[in-house]
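Dear colleague,

Please find below a structure that I am handing over to you. A short account of what was found in it comes after.

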Amino acid sequence: MSKVEGGMKLSLKVGLPRALFYQTYHPLWRTFYAALGVETVVSPETNKAILDQGVKCVVDETCLPVKVFFGHAANLSAAGVDYLFVPRMVSVEKKAYICPKFMGLPDMLKASNLKLPPLIMPVINLVKATDLKSILWDCAAPFTGNWSKIKNAWQEAWQEQKRHEENLIEENLIKKTKGALDTSDTADLTILVLGHDYNLHDQYLNMGLLEKLRELGCAALTPAQTSRKERELQLKKFPRSIFWTYGRNLLGSVYSFLQYPERKGVIMLTSFGCGIDSFMGNLIIRRLVEKKIPYLNVIIDEHTGEGGLRTRIEAFVDMIQWRSDYHQNYVSAYGQYLGSTERNA
Ligand code: SF4
């Protein structure tokens, strides 16, 4: 797709902010636009300048990932993209919703002081069974009206997304066999890092948390590495339905993880100001305490420092390793009341 500027034919560019839902659905959207012959521009990895720019655009109380999203949107707008892709995500499955901040994102952007290109903002609401055809029309409208081309692009994109999700699960299987190949002290230690994709896949926001764990010799897993089917199956153990898709992902992967035979711990990576995490965290911690699984809660905001995080991670891993040593077993690693007469297992 092209436009003419100063007598020159230039291709139209759609900006994809590297934040929030991009971290989950990037294979889908990039492939879709590529198959339509539309160029996409992805903002760079998050850095201090992007975060600072985002912080300036929104009120202080907004959660960190939304601030970062604004920074990426500002970056792409300044780079001169022709459109910004900002879907209004309401729900991506039946009977569960995405966080309300996702729904309001296009409005929040339009109300900001940013100078934005036109937004492409399809409404994605699978609870109300939004017609797929109308979503795709909205995504492709500025570039083509050829339905068969749009449909083919969608099919290609969907296959790519499925391949991406299968690869993540494959990585999990490889990590689970790590203990057999590795003879280090932490070889049999697996840590599930619970968090939203946009925190887990943003190295700047999480300060390389997954890498730090791997440097310490642990296998580090994320919720996306448990299949959707397995998460849904495991969620049946919980007596009520969970209202939020992100909450369902976290709790389903925790139930699945509890079945692993190896030594394990859980780190919850949450953003300051996240309502869903404050609710889900409590439900998850109760399950971990019941099963005596060590956990660590890491809350990040724009002021979090890397040095402090490293110290906490190292202490957490050391604590799990020392649990089997009677002399180091004075303080419960999983939140058990310190005055309890019951000896930690
Ligand atoms: S789920 Fe939490 S972190 Fe994510 S956008 Fe909503 S409030 Fe922010």
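Predicted model: local features only at pLDDT ≥ 70, side-chain atom pairs only at ≥ 80, totals over all residues.

Residues are numbered from 1 along each chain as its sequence is written, and side-chain values use heavy atoms, without hydrogens or water.

The largest pocket has a volume of about 1,100 Å³. It is lined by 46 residues, and Thr24, Tyr25, Gln161, Glu165 and Arg228 are the closest to its centre. (On a 1 Å grid over the protein atoms alone, a pocket is an open set of points with protein on both sides within 12 Å along at least five of seven lines, a cavity is a set where a 1.4 Å probe fits but cannot get out, and lining residues have an atom within 4 Å of a point; a volume is the space filled by probe spheres set on the points, which are joined across faces, edges and corners.)

The whole structure holds 2 cavities of 30 Å³ or more. The largest cavity has a volume of about 100 Å³, and among its 15 lining residues Cys63, Cys99, His196, Tyr198 and Cys274 lie nearest the centre.

Helices α13 (residues 245-257) and α14 (residues 275-291) have axes that come within 10 Å and cross at roughly 15°; helices are DSSP runs (H or I, at least four residues) numbered from the N terminus, and axes are lines fitted to C-alpha atoms over the stretch in contact, with angles from 0 to 180 degrees between N-to-C directions. The two are therefore roughly parallel (an angle under 35 degrees). Their contact (heavy atoms within 4.5 Å) includes Leu250 of α13 and Met280 of α14.

Kind regards

Methods
Parallel < 35°, antiparallel > 145°, perpendicular 65-115°, else oblique.
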